[in-house]
Amino acid sequence: MVTVNHNYLKLPGSYLFSTIGKKVKAYKEANPQANVISLGIGDVTQPLAPAIIEALHKSVDEMGDAATFHGYAPDLGYEFLRSAIAKNDYKDRGCDIEADEIFVSDGAKSDSGNIQEIFGLDNKIAVCDPVYPVYVDTNVMAGRTGEYNKERGNFDNVIYMPCTASNGFLPEFPEEVPDLIYLCFPNNPTGGAITKPQLQEWVDYANKNGSVIIYDAAYEAYISEEDVPHSIYECEGARSCAIELRSFSKNAGFTGVRLGFTVVPKDLVRDGVDLHSLWARRHGTKFNGAPYIVQRAGEAVYSPEGKAQLKEQVGYYMSNAKAIYEGLASAGYSVSGGVNAPYIWLKTPDKMTSWEFFDYLLEKANIVGTPGSGFGAHGEGFFRLTAFGTQENTLEAIERIKNL
Ligand code: MLT
């Protein structure tokens, strides 16, 4: 008799952004005249930068010529891209990471969901609350958690680290020592950032306790403050306790192109096994390499033209972030984030729940955001807006919110 993976049945509802998508679709069908502005999912709106388009065209042409055609990509990534990443993202920042410690993939969402596979099911995970739902949901699917507790609004056998206004939306060391610690900075969803000394404390904690930090740095391009680290490997000792996840989605607009990478330093050993080899085994078996044309596009991100164009693009989104932050603050909202990240985190007004505010904004202002409770129990009463809209829509959305 066929049985299913019962761990999936522990998951309440559908994936957060699928639920929102369905709600918005239903609203639009019922109100076809409504001009709905989405500041919900963190999806980019600006076209790919010219340097990237040029690299794509060139590599597409190569694919049309037998002499330069490329079939399967090397499963861990092309050398040209891994070297560009090692140099620009790590060595130039003083981080000791080699090209062969970088695993190129189709994006940080898959990597952040897949990375748990190389760890035993008896490991206990710790996550921030609120948190990007993929980390928890994939551990639930794997069977690393207990049941969903409806009253608490979270899972048994998971260590939640509340990130609230009272601790500046930064996690505190939990009472129980976790095996795997998921950290995402600059943070999704709160838009908060961690300073280098603060991150160093987590690295020291992980090394002392034998934990592994899974560090999601997908939003590092949005960092504007000096003391905020772009990589966990800026901290001393991180090579022996941290895996880093990176994405081309937010820094280069690849949400629809798909490219990311994971760094597993060779010094990272647990249970007598080096995790670099385990991830290489997993990646090589289950992934057949990101497309050649996409990796060439990724390489262009690091060209002088690419860098200049993307700096401008990030600046465009960050001026949206500033406008949202200031607009909401002037309208009396309590807001945070938006300085080192493209997300603005606000307290819902009049004690509305996150979903009540979602409905209110959608119906009264035709604006879509993301309910904080969708990211965890401690997100209740909060709401996330993204700076990834067009400038025109962003300014219009703020006016609508102010006029409510
Ligand atoms: C988000 O809105 O939280 C992100 O866009 C989701 C993602 O990057 O997968």
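## Ligand site

The residues around the ligand are F17, I41, G42, K109, Y132, N188, Y219, K250, Y343 and R384; a residue is counted here if one of its heavy atoms lies within 4 Å of the molecule. The model is predicted, so local features need pLDDT of at least 70 and side-chain atom pairs count only at pLDDT 80 or more, while totals for chains, interfaces and linings use all residues. Residues are numbered from 1 along each chain as its sequence is written, and side-chain values use heavy atoms, with hydrogens and water left out.

By class, this shell has 5 nonpolar, 2 polar and 3 charged residues. Ala, Val, Leu, Ile, Met, Phe, Trp, Tyr, Cys and Pro count as nonpolar, Asp, Glu, Lys and Arg as charged, and the others, Gly among them, as polar. Domain 1 (13-47 + 305-402) and domain 2 (53-303) each give at least three residues to the shell around the ligand; the bounds come from an automatic or database domain assignment.

Which side chains have an N or O atom at 2.5 Å, 2.9 Å and 2.7 Å from an oxygen atom of the ligand? The 2.5 Å distance belongs to Y132, the 2.9 Å distance to N188 and the 2.7 Å distance to R384. The protein covers 87% of the 270 Å² of accessible area that the ligand has on its own, by the Shrake-Rupley method with a 1.4 Å probe.

## Largest pocket

The largest pocket has a volume of about 710 Å³. Of its 26 lining residues, P12, S14, P133, D137 and G374 are the closest to the centre. The elements that give two or more residues to the lining are α1 (16-30), α5 (133-142) and β5 (154-155), and α5 has the largest share, with 6 residues. Helices (H or I, at least four residues) and strands (E, at least two) are DSSP runs, numbered from the N terminus.

The lining of the largest pocket has 15 nonpolar, 9 polar and 2 charged residues. Domain 1 and domain 2 each supply at least three residues of this lining.

Pockets and cavities are found on a 1 Å grid over the protein atoms alone: a cavity is a set of points where a 1.4 Å probe fits but cannot get out, a pocket is an open set with protein on both sides within 12 Å along at least five of seven lines, and lining residues have an atom within 4 Å of a point. Grid points are joined across faces, edges and corners, and a volume is the space filled by probe spheres set on the points.

## Cavity

The structure holds 1 cavity of 30 Å³ or more. About 60 Å³ of space lies in the largest cavity. D89, A217, A218, E220, A221, R246, S247, F248, N251, F261 and Y302 line it, giving 6 nonpolar, 2 polar and 3 charged residues.

## Backbone features

The peptide bond from D129 to P130 is cis, with omega near 10°, and P130 is in the loop between β3 (125-129) and α5. A cis bond also joins F185 and P186, where omega is about -10°; P186 is in the loop between β7 (180-184) and α6 (196-209).

F169 is not a glycine, yet has a positive phi of about 60°. F169 lies in the loop between β6 (159-162) and β7.

Note on methods:
Polar contact = N/O pair within 3.5 Å; in protein donor to acceptor, adjacent residues only side chain to side chain.
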